[in-house]
Amino acid sequence: MANITVNDTGTANRRGSLTRFAVSDAIFRNTTQAAAILVLVLLAGVAVSLISGSFLAFSTFGLGFLFTESWNPVKEQFGALAPIYGTVITSLIAMLIAVPVGIGIAIFLTELCPRPLRRPIGIAVELLAGIPSIIYGIWGLFVFAPFLQQTLQPFLISTFKNVPGLSNLFAGPPYGIGILTAGLILAIMVLPFITSITRDVFATVPPVLKESAYGLGLTTWEVTSKVVLPYTRVAVVGAVMLALGRALGETMAVTFVIGNAHRITSSILAPGTTISAAIANEFTEATGELYTSSLIALGLVLFIITFIVLACARLMLARIRAKTGG
Amino acid sequence: MATVATTKTYARRRTANSVMMTLCVLAAGIGLIWLFVILFQLLWRGVAGLSLDVFTQMTPPPGEAGGLLNPIAGSLLLTGLAVLIGAPIGILAGTYMAEYGRHTRLTTVVRFINDILLSAPSIIIGLFVYEVMVVGMGHFSGIAGVMALALIVLPVVVRTTEDMLLLVPDALREAGTAVGAPRWVVIRSVAYKAALAGIVTGVLLAIARISGETAPLLFTALSNQFWSLNLNAPVASLPVTIFQFALSPYEEWQQLAWTGALIITFAVLALSIVARVLAARGESR
């Protein structure tokens with residue numbers, strides 16, 4: 001008898017705790033799921049708020065907003081062409097420099113660097129990738145721009161003075177600040193970023209592949225260009241696009257040195273502006289709904305551009321992850 | 001004949017190799033030198049203005065001496081609150097992706113969207129918070145700045161939490177389930193414990209990331225020249241103060257901007273190093 005009672009309460013207890021477990025588990029599960037869904041809601045929220053904020057600008061100027069250069073707060077005439085041009089051209093300059101140099105450093109780190117130095121240099125590069133962009137901005141304004149004004153820019157102007165085509169590209173007085181300076185700062189900034197991702201990607205190449213190539217008598221460069229790069233090609237492009245996404249949206253490093261001039265000039269030594277720099281410089285001072293709305297419309301354009309670039313980058317990087325199964 | 005040809009090809013291949021390898025070494029030299037030049041000049045110019053006053057005095061009016069006390073305090077406040085809001089949500093979302101919904105479509109989509117948020121331009125986040133909070137409240141405020149920073153913390157923590165939980169061997173979870181623990185107890189007492197170092201690393205990296213963020217604060221928290229920790233009013237922060245002071249024509253302000261930049265860089269580097277040490281310790285265990 002006594003035994004049965006004990007058993008009964010035991011079962012009841014067990015059933016009770018099972019229910020309690022099930023309830024608390026459901027609560028926890030749903031809480032985590034809600035948090036995950038919140039991430040989606042946020043991105044949707046960003047998109048919706050940008051679209052609604054820019055509605056006034058697009059309804060006033062139409063799609064012509066994207067192709068108009070003039071930016072006149074007094075007459076309330078706004079066009080996005082100059083910032084879009086500045087964003088694209090500064091990122092292009094940055095990529096032209098940072099991609100080969102960044103990949104070069106990654107090759108150096110994986111193939112050439114003496115083993116004891118690899119880890120410290122690798123860590124240093126990763127730490128540098130985390131330095132806030134405002135640091136690059138302040139350095140660019142006070143040190144780099146004056147330096148360029150006295151050295152590189154006069155050199156470019158005088159060298160290409162009589163070369164047709166290039167003379168337009170490097171025309172005008174050396175301001176120091178301008179599109180080229182912004183592009184160079186961006187290059188320095190995304191460099192550690194490209195290097196550290198590319199190096200990680202290179203590390204996914206199975207050693208057997210490289211060893212067999214070396215065993216056939218290939219030189220280091222041949223192993224790199226014919227084995228490592230083809231194997232990692234998609235991911236390297238992904239890394240470059242990730243860096244491009246960064247360069248396109250970079251604000252502080254550029255705002256300091258771009259000069260904030262809403263015009264398109266053939267010379268890359270002239271001041272210009274980018275989407276993010278225009279927003280950072282003018283947003284708090286923007287008077288009138290149309291002005292604010294136009295700046296938000298600029299933000300929407302930037303959002304769409306970077307979304308496409310980043311989505312491509314992620315898809316490409318995901319492909320190498322699937323390949324290595326990691 | 002054949003030998004001559006082979007030697008020639010070989011010589012050409014070796015030359016190509018030397019040229020390319022020299023270029024790589026040059027790239028490493030040139031690329032890394034710039035980065036160290038920046039750090040060196042930052043140290044050089046920043047230390048010149050470093051004194052106790054920086055940490056005890058308020059930001060001065062133009063042309064006078066002063067410190068950075070209110071922006072430093074403001075930055076600590078904004079960063080701290082942003083982490084308190086962003087990190088728990090991020091950990092929960094990461095938990096769902098790695099534990100409950102590992103193979104669901106929701107997880108795949110969230111992972112993709114999260115990766116995009118992770119590298120989305122931070123100024124866009126600022127615009128979003130401006131639209132939602134600043135316009136709604138009618139004025140700039142510290143709490144809007146906190147929300148903007150929390151939105152930047154979130155994806156970083158989601159990503160690292162998911163990655164770290166996925167590294168925990170399933171055998172550990174199965175052992176937990178085998179002794180009768182419900183799923184959430186297994187997650188709490190087994191998975192979290194095993195992945196703790198990694199999750200903390202993620203949070204530290206997120207702090208490092210937001211402590212230098214300027215763009216999302218420009219039109220949310222704005223700035224404040226005076227001592228104020230009122231979240232319903234504009235709050236000063238170190239990055240925005242650096243931005244304003246660096247672009248000003250006053251020498252004292254520019255000096256303070258350099259010193260502030262040095263403090264931020266030092267804090268970010270220290271946080272990243274601690275995070276790395278923690279991560280390394282977690283791995284070796």
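Ser119(B) is buried in this predicted model, with a relative accessible area of 16%. The residue belongs to helix 4 (residues 105–119) of chain B. Leaving aside residues up to four places away in sequence, Ser119(B) touches Leu242(A), Leu310(A) and Arg314(A). Because buried means under 20% relative accessible area, the 16% of Ser119(B) places this serine in that class.

**Contact between the chains**

In total, 81 residues of chain A are in contact with 78 residues of chain B. About 7200 Å² is buried between chain A and chain B, and carbon and sulfur atoms give 82% of that area. Two salt bridges are counted between chain A and chain B. Glu222(A) forms a salt bridge with Arg13(B), in which the closest N and O atoms are 2.7 Å apart.

**A nonpolar patch on chain B**

On the surface, Val19(B), Leu23(B), Leu26(B) and Ile30(B) form a nonpolar patch with about 360 Å² of accessible area together. Leu26(B), one of these residues, sits in helix 1 (residues 2–48) of chain B. Its relative accessible area is 47%, so Leu26(B) is partly exposed. An α-helix has 3.6 residues a turn, so residues three or four places apart point the same way.

**Helix 11 of chain A**

Helix 11 (residues 275–282) of chain A is mostly covered, with eight of its eight residues buried. These are Ile275(A), Ser276(A), Ala277(A), Ala278(A), Ile279(A), Ala280(A), Asn281(A) and Glu282(A). The loop between helix 10 (252–255) and helix 11 of chain A contains Asn260(A).

Asn260(A) has a positive phi although it is not a glycine. Leu222(B), also a residue other than glycine, has a positive phi as well. Leu222(B) is found in the loop between helix 9 (215–218) and helix 10 (238–246) of chain B. The values for these two loop residues are set out below.

| Residue | Phi | Relative accessible area |
|---|---|---|
| Asn260(A) | about 50° | 27%, partly exposed |
| Leu222(B) | near 55° | 24%, partly exposed |

**Confidence in chain A**

Chain A has a mean pLDDT of 88, and 96% of its residues reach 70 or more. Over residues 1–6 of chain A, however, the pLDDT is below 50, and this stretch has zero contacts in the model beyond near neighbours in sequence. Where pLDDT is low, the predicted coordinates should not be read in detail.

Conventions:
Residues are numbered from 1 along each chain as its sequence is written. Chains are lettered from A and ligands numbered from 1 in the order in which they are written. This is a predicted model: local features need pLDDT of at least 70, side-chain atom pairs count only at pLDDT 80 or more; totals for chains, interfaces and linings use all residues. Side-chain values use heavy atoms; hydrogens and water are left out. Patches are made of residues with over 30% relative accessible area and no salt bridge: like charges are joined within 9 Å, nonpolar side chains (Val, Leu, Ile, Met, Phe, Trp, Tyr) within 5 Å. Accessible areas come from the Shrake-Rupley method with a 1.4 Å probe; for residues, only the protein chains shown count as cover. A salt bridge is a side-chain nitrogen of Lys or Arg within 4 Å of a carboxyl oxygen of Asp or Glu. Helices (H or I, at least four residues) and strands (E, at least two) are DSSP runs, numbered from the N terminus. Buried means under 20% relative accessible area, exposed over 50%, partly exposed in between (1.4 Å probe, protein chains only). Contact means heavy atoms within 4.5 Å. pLDDT is the predictor's confidence in each residue, from 0 to 100. Buried area is the accessible area (1.4 Å probe) that two parts lose on being put together, summed over both.
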